[in-house]
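Please read the following with the sequence and the 3D view at hand. The text goes from the whole chain to a few of its parts.

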Amino acid sequence: MAMTRGIRRGVLLALVVSVTAAGSAAAAPLGGWQPQSRGSDVAARLKQQQPAPLSSYGPGGGGGGATGVFGDAGLGDPLFPLAGNGGYDVRHYALGLSYDPATTILDGTALVLASATESLSRFDLDLRGFTISDLRVDGRPASYTRDGQELQITPARPLRAGRPFTVSVRYSGTPEVIIDPDGSAEGWVPTSDGAFVVGEPQGSPGWFPVNDNPRDKATYDIAVSVPAGLTAVSNGVLLGQFTRKGKTTYVWHEGAPMASYLATATLGVFDLQRSRIEGIPSYVAVDPSQAADAAPALAQLPEIVKLFSDTYGRYPFDAVGAIVDDAPDVGYALESQTKPNFDRAPDDFTLAHEISHQWFGDAVTLTTWPDIWLHEGFATYSEWLWADHTGQFTPQDAFDYYYDNFAADDPLWSPPPGAVTDASDLFSNSVYLRGGMTLQALRVKIGDARFFTLLRRWYAQNRYGNVTTPEFIALAERVSGQDLTAFFDAWLYQEGRPASW
Ligand code: TRP
Ligand code: ZN
């Protein structure tokens with residue numbers, strides 16, 4: 001992801017260097033690279049079965065028989081099959097956390113308000129590590145077992161379909177950092193003065209018990225206690241803060257539906273600046289070591305929010321901002337809802353990228369992880385709109401640059417953005433750059449007016465929900481009145497640099 005980051009950070013000239021470096025770094029395994037034949041018929045894909053609704057994932061393959069019905073251990077995501085669980089739908093999480101960087105121990109109380117979609121004798125939450133000291137369902141002690149990230153809970157009384165229930169979990173321990181298939185670290189990642197807390201795609205079970213699937217959005221109250229002098233920054237608005245016995249508690253509230261991987265609780269030494277942007281409460285937390293380097297980009301935050309509000313539609317959430325930490329080993333930034341996390345001072349491109357994800361990624365969220373280009377292609381395209389807005393280069397300049405300088409079989413084009421089959425490719429150059437180029441090619445094909453109508457409608461119709469690539473293609477065809485089968489096939493599904501479309 002350092003490569004990805006390098007690409008995203010540069011202006012066009014810098015791209016020459018970083019992308020070339022990325023290309024040659026990735027060139028080593030080329031010998032082993034096998035073009036795969038992938039389905040080429042978009043129409044067939046459109047007819048492909050849409051993911052089943054959450055409620056259909058009830059009684060699990062885990063069976064139950066005489067012991068009753070068990071909720072599925074996962075929701076069957078093609079890349080993370082165990083992420084999330086079957087049989088219920090979470091409405092709200094109330095988390096009370098206390099962390100001391102000196103001991104690295106996190107003490108947590110999680111209250112999960114959910115609704116059963118099936119009658120269940122057992123169900124799972126996702127949680128990694130920690131010692132559990134108390135677990136209750138509807139206030140009654142429940143029995144539980146642990147199996148990897150599955151926390152298997154057997155309530156004293158079975159859950160009844162359609163009924164709300166609550167789970168409370170008290171837990172404690174040093175959070176284990178989660179390593180992704182691409183080698184990157186996530187979850188509760190310790191820093192010199194606290195922790196950098198990021199969850200995409202599977203870090204959240206590293207700090208709270210959760211139905212860890214982007215399809216189960218919920219609202220959150222997150223209260224974090226830290227040694228006085230430190231600041232804890234989470235999603236949404238700051239309801240208040242108080243200091244008692246040497247500890248300061250920060251109480252945050254996220255009132256809009258949020259995918260679990262977008263939850264954060266980054267803490268450490270921060271200067272927290274409050275203001276308003278477009279009338280929305282803004283919270284910008286900056287590690288003092290990054291303040292000077294971050295100042296130029298952060299000064300552009302209001303203009304970035306305005307550009308994307310004007311282009312895509314009203315900003316989706318009740319708070320805006322940024323968290324700029326000093327966590328260079330992490331190597332990437334993340335679009336945590338309302339306040340993206342930056343592992344170091346961002347430039348204006350990286351800031352624009354993460355802010356644009358508030359529309360595409362956070363408000364309009366994929367249903368399954370292989371559709372990641374619906375986040376990263378759109379955020380890359382948004383960087384190019386920012387470049388255009390600030391007179392640096394146009395999206396077409398970016399398109400031409402990559403198209404002309406990367407051979408048809410360059411790794412830059414692989415995997416096709418709509419055909420990610422390996423979790424280690426989720427944040428690949430192709431997903432970002434070929435994904436962004438897909439949108440520029442589409443803009444040329446259907447014209448500016450229809451293109452921006454499409455993006456605005458995509459956002460307006462889907463915000464706070466989940467989407468799929470076939471849905472985007474269908475809307476593009478409706479808005480443009482064109483048959484875009486061959487177009488999207490060339491850009492999203494075929495190996496190598498698209499030759500004609
Ligand atoms: N989604 C992030 C962005 O582009 C990047 C990211 C999140 C990432 N998790 C990652 C990159 C893991 C590499 C590895 O804004
Ligand atoms: Zn991104």
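What follows describes the chain as a whole, then some helices and one serine.

The model is predicted: local features need pLDDT of at least 70, side-chain atom pairs count only at pLDDT 80 or more, and totals for chains, interfaces and linings use all residues. Residues are numbered from 1 along each chain as its sequence is written, chains are lettered from A and ligands numbered from 1 in the order in which they are written, and side-chain values use heavy atoms, with hydrogens and water left out.

The chain's secondary structure comes to twelve helices and 22 strands; helices (H or I, at least four residues) and strands (E, at least two) are DSSP runs, numbered from the N terminus. Of the 501 residues, 59% are buried, where buried means under 20% relative accessible area, exposed over 50% and partly exposed in between, with a 1.4 Å probe and protein chains only. Among contacts (heavy atoms within 4.5 Å) between residues at least 6 apart in sequence, 70% join residues at least 24 apart.

Two packed helices are described by the angle between their axes and the distance between the axes. Axes are lines fitted to C-alpha atoms, for helices over the stretch in contact, and angles run from 0 to 180 degrees between N-to-C directions. Helix 7 (residues 373-389) packs with helix 9 (residues 429-446) at about 70°, and their axes are 7 Å apart. Helix 7 and helix 9 are therefore roughly perpendicular; angles under 35 degrees count as roughly parallel, over 145 as roughly antiparallel, 65 to 115 as roughly perpendicular and the rest as oblique. Residues in this contact include Trp373 and Phe378 of helix 7 and Val431 and Arg443 of helix 9.

Helix 7 also meets helix 8 (residues 395-405): the two axes come within 8 Å and cross at roughly 125°. That makes helix 7 oblique to helix 8. Here Tyr381, Trp384, Leu385 and Asp388 of helix 7 touch Pro395, Ala398 and Tyr402 of helix 8.

Ser430 lies in helix 9. Is Ser430 buried or exposed? Its relative accessibility is 0%, so Ser430 counts as buried. Beyond its neighbours within four places in sequence, Ser430 is in contact with residues including Leu412, Trp413 and Gly435. The C-alpha atoms of Ser430 and Gly418 are separated by 9.9 Å, with the two residues twelve apart along the chain.

Gly481 follows helix 11 and has a positive phi, near 70°.
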